[in-house]
Amino acid sequence: MTATPVNHFRRSDLLGLPVRTRTETERLGIVNQIWVDLNRSTVVALELRQAHFAELIAALQRFIRFNGIQDISDVFWVDESSIIEDAINLEDCSRLIRSEVLTESAKVLGRVRDFEFEPMSGKVSALITDSLGLPQIPSQAVNTYQIFDGIVSSGRDRLIVFEGAEERLVQLSVGILGRLSIGCLPWERNEIKNYIIRISAADEEK
């Protein structure tokens with residue numbers, strides 16, 4: 001794959017981008033989904049559709065392997081249209097979205113709403129989580145976090161990250177629902193409770 005000036009790509013920024021060849025003007029499709037190999041935590045395929053209205057028509061959905069991508073900008077560039085496939089084996093793959101994220105001691109860190117991956121290798125480098133795992137809900141509405149800790153193990157709808165990952169979370173947004181303690185994760189509610197206790201104790205000392 002051709003070198004790119006960015007360090008990572010985010011799934012949400014790539015959905016809806018067109019796929020084109022270097023030598024042809026025809027658009028081969030629109031990126032509809034990104035598939036990750038659970039065993040390697042690596043992007044392996046893009047799912048395409050012909051047009052926006054065809055999203056739910058399986059017969060019009062095709063695939064391209066990630067190692068067939070030559071460059072990514074505001075377009076996915078490929079060498080030739082022949083690398084497009086009608087079907088590929090996705091048995092050990094996942095979209096990751098809505099997957100539950102837990103530490104090794106089973107502490108729930110939320111659900112995946114987005115993820116980042118390295119442009120050259122496709123290796124997943126970070127997970128973006130919230131309490132719901134619904135990308136359709138804007139980040140202004142929910143508390144969102146970034147997890148850089150590596151994935152220890154995974155299943156179809158569950159990802160296990162290293163113990164202590166909750167202590168190294170990077171908070172990306174504080175949503176309206178988060179401020180109201182609605183839809184918060186258990187550890188978030190504990191932090192809010194402890195914060196209220198600390199504020200109350202400080203008021204009593206005045």
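**Entry 1: a glutamate**

In which strand does glutamate 116 lie? I found glutamate 116 in strand β10, which covers residues 108-117. I kept in mind throughout that this is a predicted model.

Next I asked: is glutamate 116 buried or exposed? Its relative accessible area came out at 4%, and the cut-off for buried is under 20%, so I noted glutamate 116 as buried.

I then looked for side-chain partners of this glutamate. The side chain of arginine 10 makes a polar contact with the side chain of glutamate 116 at 2.6 Å. Glutamine 146 also joins in, with a polar contact of 3.1 Å between its side chain and that of glutamate 116.

I listed the other touching residues too, leaving out those up to four places away in sequence. Among them are His8, Phe9, Lys123, Val124, Ser125, Ala126 and Ile128.

I turned to the open spaces. The largest pocket holds about 340 Å³ of space. It is lined by 16 residues, and Arg11, Ser12, Arg113, Pro135 and Gln136 are the closest to its centre. I was pleased to meet β10 again here: β10 and α1 (11-14) are the elements that give two or more residues to this lining. By type, I have six nonpolar, five polar and five charged residues in the lining of the largest pocket.

For the second largest pocket I noted a volume of about 230 Å³. Its lining also has 16 residues, with Asp37, Arg40, Val43, Val44 and Arg65 closest to the centre. Strand β4 (residues 42-49) supplies the largest share of this lining, four residues.

**Entry 2: the cores**

Which residues have the most contacts inside the largest nonpolar core? I wrote down Phe76, Leu96, Phe115 and Leu127, in a core of 34 residues. The elements giving two or more residues to this core include β3 (27-37), β4, β10, β11 (124-130) and β12 (144-147).

I checked phenylalanine 76 by itself. Beyond its neighbours within four places in sequence, phenylalanine 76 is in contact with Leu14, Leu17, Pro18, Val19, Arg20, Val31, Leu46, Ile69 and Asp71.

As a reminder to myself, nonpolar side chains tend to be buried together in soluble globular proteins.

Methods:
Residues numbered from 1 in each chain as written. Predicted model: local features only at pLDDT ≥ 70, side-chain atom pairs only at ≥ 80, totals over all residues. Heavy atoms only, no water. Buried < 20%, exposed > 50% of the residue type's maximum accessible area, 1.4 Å probe, protein only. Polar contact = N/O pair within 3.5 Å; in protein donor to acceptor, adjacent residues only side chain to side chain. Contact = heavy atoms within 4.5 Å. 1 Å grid on protein atoms, 1.4 Å probe; cavity = no way out; pocket = protein on both sides within 12 Å on 5 of 7 lines; lining within 4 Å. Points joined across faces, edges and corners; volume = space filled by probe spheres on them. Nonpolar A, V, L, I, M, F, W, Y, C, P; charged D, E, K, R; others polar. Core = buried A, V, L, I, M, F, W, Y, C linked by side-chain atoms within 4.5 Å.
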